[in-house]
Amino acid sequence: MYKSQLIKQTQKQYIQSTRFLSSTCQLLKWNEIPLAPPDKILGITEAYINDSNSKKINLGVGAYRDNQGKPIIFPSVKRAEEILLQKENEKEYTPIIGSKKFQNIVKNFIFNNSGKDANGEQLIKDNRIVTSQTISGTGSLRVIADFLNRFYSNKKILVPKPTWANHVAVFKDAGLDPEFYNYYETSINDLDFENLKKSLINAPNESVVLLHACCHNPTGMDLTSEQWDEVLQIIQDKKFFPLVDMAYQGFASGKPYEDIYLIRKLTKKANENEIPTFALCQSFAKNMGLYGERTGSISIITANSNDSKAVESQLKKLIRPIYSSPPIHGSKIVEIIFEEPGLKDQWLNDLNKVVGRLNTVRSKLYEKLDKSNYNWDHLLKQRGMFVYTGLTPEQVIRLRNEFSVYATEDGRFSISGINDNNVEYLANAINEVIKK
Ligand code: LMR
């Protein structure tokens, strides 16, 4: 072929391909894509960053800050990273559901209380727990939601009112049908246990039910062990499938083993085949401070080892086309912390200190708040990273506009943003917006 012919042919192909492109562009109406609203939680940080007031306070996202207002790396995590740097000699892909070592650590830590929980031990021995590493807590929620959408014929998922702002989005995007059950009553700033039970009893049998294991997000109000027992009886009678979200293990008492009454009870009921199956989403984002490392897990408790094989194979099939396999840095840190002599104790100690500071700022804020026309006692009943103030969206917006205090509009304050330098300023700002 002559050069000029070749050029003509290439030009023709080019024109055809641009025609094709412009026709696809017309199918996608770029100018009709609506602007999405900012994320209810992460959007707060964006607004905070753009504020030039030197007194600004970020009480939005649930991420720990020290008394100087700075993010931290747990000393135990730093030590694990040093060890990792010395030892690591490959960056290979981990299996689709994470390394066996990571899976076993999670199973043993959560379901067997590192050797202290006989029920969990039996489930592990019977191969009734399938664990996969996931992209932190949100990733694990999405994986289980996709899994349920594929294999669980009832798409109804009952979620507490209120719940973490992202839960409903995760479940809806996965094709499930979220519906609220009563949980908290803002007018009395307390748990609404009677209506909680009523709404569960009135919900369709065999629904999926979302339970927060501890440090309920956003309210910080948890059920007592007696209340959990009652709820679990309803779950058993109604044949619900429990899906537990545990993002803050350790933040209630400072000790991870003390915070998991619900898991221990569910494990017992699974062992006795009263609630034979359930699932648990968990992450090390908060309790090891591995936020950006995106390190978490999904565990599905099955009725028998044959089911486990099928479930595991389906988890692999589900995860592979989404993100292939999870990141390795965070899971290796977890492995080292659990394996290296003394390091786990150091981690538990680091965590305990973090929770201690949160409890201190909770009481300091409480002390400085004006109680003459507002009862703040609920602050002391709530646990974990948040206080659910009961402030109205208008009051929260006033805090933002007049005092550069940033919190989510539901009145949730992430108290790790409070420290000795700003607690006075914050309390004065709150006292101002609640004045009648
Ligand atoms: C929160 O509730 O603030 C955290 O869980 C962070 C997040 O991703 O929303």
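A: A polar contact is a pair of N or O atoms within 3.5 Å; within protein, one must be able to donate a hydrogen and the other to accept it, and residues adjacent in sequence count only if both atoms are side-chain atoms. This is a predicted model, in which local features need pLDDT of at least 70, side-chain atom pairs count only at pLDDT 80 or more, and totals for chains, interfaces and linings use all residues. Residues are numbered from 1 along each chain as its sequence is written, and side-chain values use heavy atoms, with hydrogens and water left out.

Q: How far is an oxygen atom of the ligand from an N or O atom in the side chain of Lys286?

A: The distance is 3.1 Å. For the side chain of Asn217, an N or O atom lies 3.0 Å from an oxygen atom of the ligand. Trp164 also places a polar side-chain atom 3.0 Å from a ligand oxygen. On its own the ligand has 260 Å² of accessible area, and the protein covers 82% of that; such areas come from the Shrake-Rupley method with a 1.4 Å probe, and for residues only the protein chains shown count as cover.

Q: Which residues surround the ligand?

A: A residue is near a molecule or strand if one of its heavy atoms lies within 4 Å of it. Here the surrounding residues are Ile41, Val61, Gly62, Trp164, Asn217, Tyr248, Lys286, Phe386 and Arg412.

Q: Where is Ala165 placed?

A: Helices (H or I, at least four residues) and strands (E, at least two) are DSSP runs, numbered from the N terminus. Ala165 sits in the loop between β3 (156-161) and α7 (167-173). Contact means heavy atoms within 4.5 Å; not counting residues up to four places away in sequence, Ala165 touches Lys40 and Ile41.

Q: Which residues of helix α5 are buried?

A: Buried means under 20% relative accessible area, exposed over 50%, and partly exposed in between (1.4 Å probe, protein chains only). In α5 (residues 118-125), the buried residues are Asn119, Gly120 and Leu123. Seen down the axis of α5, these buried residues fall within an arc of 95°, so they line one face of the helix; the arc is that of the directions from the helix axis to the C-beta atoms. An α-helix has 3.6 residues a turn, so residues three or four places apart point the same way. The face turned away from the buried side of α5 carries the exposed residues Ala118 and Lys125.

Q: What do the buried residues of α5 pack against?

A: Their partners are α4 (100-111), β2 (129-135), α10 (261-271) and β10 (295-301).
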